[in-house]
Protein chains: 2
Amino acid sequence: MPTDPARHSHPTLRSKFAVVLALSAAALGARALPTSAPESVAVQLRDAALAGHSLAYEWVSELTTRFGPRPAGSASEHQAAEWAAARLKSLGFENAHIEGFPITAWARGSESGAIIAPRAQPLVVAALGESPPTPAAGLDGDVVIFASLAELKAAAPGSLAGKVAMVDERTVRTQDGAGYSAAVEGRTEGAHEAAQRGAIAFLLRSVGTDNHRIVHTGTAHYVDGRVPVPAFALSAPDADQIERIARLGQTVRVHLFSSASYLPNAHSQNVIAEVRGRERPQEVVLLGAHLDSWDQGTGAIDDGTGTAIVVAAAKLIRDAPHRPRRTVRVVLFGSEEVSQPVPPESVFGGHAYASNHQAELVDHVLVGESDLGTDRVYSFALPKGASVEFARSALRVLNPIGILAADGPPAEAGADVGPCIDAGVPAFQLSQDATHYFDIHHTPDDTLDKVDRSQLDQNVAAWAALVWLVADSDVDFRAAAASAAHP
Amino acid sequence: MPTDPARHSHPTLRSKFAVVLALSAAALGARALPTSAPESVAVQLRDAALAGHSLAYEWVSELTTRFGPRPAGSASEHQAAEWAAARLKSLGFENAHIEGFPITAWARGSESGAIIAPRAQPLVVAALGESPPTPAAGLDGDVVIFASLAELKAAAPGSLAGKVAMVDERTVRTQDGAGYSAAVEGRTEGAHEAAQRGAIAFLLRSVGTDNHRIVHTGTAHYVDGRVPVPAFALSAPDADQIERIARLGQTVRVHLFSSASYLPNAHSQNVIAEVRGRERPQEVVLLGAHLDSWDQGTGAIDDGTGTAIVVAAAKLIRDAPHRPRRTVRVVLFGSEEVSQPVPPESVFGGHAYASNHQAELVDHVLVGESDLGTDRVYSFALPKGASVEFARSALRVLNPIGILAADGPPAEAGADVGPCIDAGVPAFQLSQDATHYFDIHHTPDDTLDKVDRSQLDQNVAAWAALVWLVADSDVDFRAAAASAAHP
């Protein structure tokens, strides 16, 4: 008797198939299951980005090529902001405009370093951001090496009188940037700790994971409104060289020069543009990145690609078959790099935004920032207010592009959106692989050639898809929900 | 009946075993075959080096740490030579001494470059060796980009009046350095070709295979005793940036400054030391490398490791159970980097040696030079005078450490030994893998951390073993032998 295999398949086989399907759904994001309308659009946007149909690479290429380095308060930062606002308008964004704010700008000037004893040798150095200049003739001092900031902090008061204190801590390479977080206090606190013990200058092994003759700069932190002594970073091979000479039993004496200066009446600006929501336009999903960069490179991965990712994701959302329910707002912040931990200089652009838009913050349903380069996103984190259903939907859309759900809400969502978060706005995070980021971060090597287009596209895919889900949903992420929100 | 398996094994199996043995012998260097006494010593030296029992790393570490960059004619080159001569003496070498000679030394001074239109952007540049300075205020000019030196040569006379000519040729990454050889004429000839067409300065995409913001320097060639216009190399990302701005349809105008100068009464020196032969000490096997370096790095791989390899190999020979028949002479040449193709500046140290030792050259049985970094040796080449027997012995000793026999005599054995070769002395070559060498060559990145110790040891093993075989043999490498010399 002929049988219909579909109807009469073996019951055990059928249940096995169901189990396999369920397992696949869990493991692979359940593409086979029916999708809701927002999920279906999110998948379309995701796949368009993956196929290279986004403007991300073109954006970062043009930004870095036309404007080069964009230090906070510089003419190139202003010009880049004007270009970005005009470009966002021409791309069809609404409400594209610039919001200016005053800053204290720091300018590197010229600088040099050399070993002068036991034998003259040049050094590759760069002043840390906010470092005061040296005297015009430079300064000379014997180097005292500390293996870590903790070791410097253990030195007795007055023990470094007339010396140049050097913190020689290595940065550990990690996927999540934990190695950087561990080492960076040497950069932010070292000059202060050295000065407190009488040092006339501070030297730092670059906080970075490469071994090139390039220097990782970054801000040193103020104490009483200033960095107390001239502070320089060294390339890793230069730090090695000083270490080895010292190990030969010889005192290393260095000459350091910097003509760094401050421009107290400078200004910077945030660039803002929107895709207005179709149902609740007053509700804002904020996508942030920063337009300023350090001065040695062209700010391609810090944070040219961040601006490219959020603009390209928002543009895909702009061009979707219909508008999302909520407004998607892109904010390209100014002057992120020179921020200090305490006001008035703390996260200039972020504070200016939160202050200008204070009344709207109650309607900011979610904020996120892209500021860790261009390598792939490997996990996403949602605030406690995310429903279990929403988190599962996000996982179904993001898991097929290699993104897992994080174990808990975002630890840190980005410097610029910090003031919004402090004001009570919930944040999401798309965590990028930082394994190679700190080879390049804050160095002259931060140039367009370091951008991997396929990884950039994966970032745009993740942002477009997740932001669509957020913007087209009814979930109130501001609600304090159960811990079950994280699948 | 009990059987002896060795005597009664199956005849087919036995012949198969013989075939396998013969194939292995051909493929693997026939370690199973009996070795002659020199071969046995060569194997001992080789294996001692592979086990790390050589002073190569210690040598290059101390040389680069104590003296840093060693530009031709500099105090650090002189001091390094004095240190090397003293160290060779203390290591038990005979006849350790320094032979000085006059040179025209070039000093970089300070330098800078920037794009000044369409928007100001800094450039990472370095003057090419022997480049004249710019005017004290620098010079400005519009860039005209040529994809290759050939394209520049095709430009009409006068067509570059007032312009800055830029050769933008990429260097292809190859094992044998052929990519470098193809691109380097842009560096040596570009300034002259540009000046002939009216250009006021010359810019070159670095001849190198990396993508860091570091510049590959190197000499430009004289025409009538001078480089005609200021000549600079750019880092690869800077060349990319100029290219991209030009592709936006904009004219790139640059500012260039250099205070380079010449020190006409400078001197340099060769350092010489020997392991005297036990039977025919007048017969010399010469091992060369150069002690000077470019000024941006510390000359670790160019050519600190070369000096380390030949000194460490000679020291292993010095400490062998008995002396070789012939004398092994180490020559650490001065002022290799600034050589010109025509006298009087051509290969200063090499010419000084060949001139000082002209009468002995008839007894120089073989010369070789290590000057391609620290990556592994993959082939060896012998002169036509090598007997088939000698070549097979060398292959047996070298093949187990991954070294093949080259298809013919050495193409080019090294700049410093060139004048000896021109005088009729035969040469050997141990070819190193240059796949990564031109990432670092002539850049600030040429520092100790780039030295791979296990690959350095393999070089020492190859040099010690092959030089032992040469020095302990009766083969007259100067004889013109049959092409069968190459196995």
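The structure is a predicted model, in which local features need pLDDT of at least 70 and side-chain atom pairs count only at pLDDT 80 or more, while totals for chains, interfaces and linings use all residues. Residues are numbered from 1 along each chain as its sequence is written, chains are lettered from A and ligands numbered from 1 in the order in which they are written, and side-chain values use heavy atoms, with hydrogens and water left out.

The interface draws 32 residues from chain B and 32 residues from chain A, where contact means heavy atoms within 4.5 Å. About 2600 Å² is buried between the two chains, 49% of it on carbon and sulfur atoms; buried area is the accessible area (1.4 Å probe) that two parts lose on being put together, summed over both. On the chain B side, B:Thr65, B:Arg119 and B:Arg213 supply 24% of the area buried against chain A, more than any other three residues.

Helices (H or I, at least four residues) and strands (E, at least two) are DSSP runs, numbered from the N terminus, and two strands pair if DSSP finds at least two bridges between them. In chain B, eight strands form an open sheet of mixed pairing in the order S3-S2-S9-S5-S6-S7-S8-S4. Its edges are strand S3 (121-123) and strand S4 (125-127), each of which pairs on one side only. Neighbouring strands of this sheet are turned by 30° against each other on average, direction ignored. Within the sheet, strand S5 (residues 139-146) runs parallel to strand S6 (residues 164-167), to which four bridges join it. In this pairing B:Val144 has B:Ala165 as its bridge partner, and B:Ile145 stands opposite B:Met166. Strand S5 of chain B is also joined by four bridges to strand S9 (residues 253-258), here in the antiparallel sense, with B:Asp142 opposite B:Arg253.

A further open sheet of chain B has three strands in the order S15-S14-S16, again with mixed pairing. Strand S15 (404-405) and strand S16 (429-432) form the edges. Strand S14 (residues 377-381) pairs with S16 in the antiparallel sense over four bridges, and B:Ala381 stands opposite B:Gln429. Helix H11 (residues 388-398) of chain B packs on this sheet, touching S14, S15 and S16, and its direction makes about 170° with that of S14. Angles run from 0 to 180 degrees between N-to-C directions, and axes are lines fitted to C-alpha atoms, for helices over the stretch in contact. Helix H13 (residues 453-471) of chain B lies across S14 and S16, running at about 170° to S16.

In chain A, helix H4 (residues 56-67) packs against helix H5 (residues 75-90) at an angle of about 145°, with the axes 10 Å apart. The residues of this contact comprise seven nonpolar, two polar and four charged; Ala, Val, Leu, Ile, Met, Phe, Trp, Tyr, Cys and Pro count as nonpolar, Asp, Glu, Lys and Arg as charged, and the others, Gly among them, as polar. Contributors from H4 include A:Trp59 and A:Phe67, and those from H5 include A:Trp83 and A:Leu88. The axis of H4 in chain A also comes within 9 Å of that of helix H13 (residues 453-471) of chain A, the two crossing at roughly 115°. Here A:Ala56, A:Tyr57 and A:Val60 of H4 meet A:Arg453, A:Leu456 and A:Val460 of H13, giving five nonpolar, no polar and one charged residues.
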